[in-house]
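Trainee: Could you take me through one part of this model closely, with the cut-offs behind each term?

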Amino acid sequence: KSWHPGVLAKLLELLHKYQTLPASINTVHSYLQKARHALHKLPASPGRAGLLELTQFLARQTNALGEPP
C-alpha cells in the first residue's frame with residue numbers, strides 16, 4: 001500500500017484523543033533499546049555503527065511526535 005501524508009496527522013489525532021501517545025512513544029523506545037542491546041552483541045563494524053545510528057534517528061523522530069505542533 002502507498003503511504004499518504006495525511007495518515008500521520010490522523011494517527012496523531014487519535015493518539016492524542018485517546019491519550020495513548022506517551023505509552024506509544026515508550027513502547028517504541030523500548031523496542032529501540034532492545035535493538036541497541038542486540039546490536040552491541042555483534043562485532044564492531046560500519047554496518048553495526050550504521051544500525052546503531054539508525055536507532056538514534058528513530059528515537060529522535062519518535063520524540064518529535066510528542067512535541068506540540
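Mentor: Let us look at helix H1, which spans residues 6–17 and includes Leu-11; helices here are DSSP runs of H or I with at least four residues, numbered from the N terminus. This is a predicted model, in which local features need pLDDT of at least 70 and side-chain atom pairs count only at pLDDT 80 or more, while totals for chains, interfaces and linings use all residues. Residues are numbered from 1 along each chain as its sequence is written, and side-chain values use heavy atoms, with hydrogens and water left out.

Leu-11 has a relative accessible area of 43% and is therefore partly exposed, a class that lies between buried (under 20%) and exposed (over 50%), with a 1.4 Å probe and protein chains only. Together with Trp-3, Val-7 and Leu-8, Leu-11 forms a nonpolar surface patch whose accessible area is about 390 Å²; such a patch joins nonpolar side chains within 5 Å, from residues with over 30% relative accessible area and no salt bridge.

Glu-13 makes a salt bridge with Lys-10, their closest N and O atoms being 3.5 Å apart, where the term requires a side-chain nitrogen of Lys or Arg within 4 Å of a carboxyl oxygen of Asp or Glu. Glu-13 is partly exposed at 46% relative accessible area, and Lys-10 is partly exposed at 44%. The whole structure holds 2 salt bridges, and Glu-53 and Arg-60 also meet in one, at 3.4 Å from N to O.

Key: Patch = residues over 30% accessible without salt bridge, like charges linked within 9 Å, V, L, I, M, F, W, Y side chains within 5 Å. Areas by Shrake-Rupley, 256 points an atom, 1.4 Å probe, with all protein chains shown as cover. Helix = DSSP H or I, 4+ residues; strand = E, 2+ residues; numbered from the N terminus.
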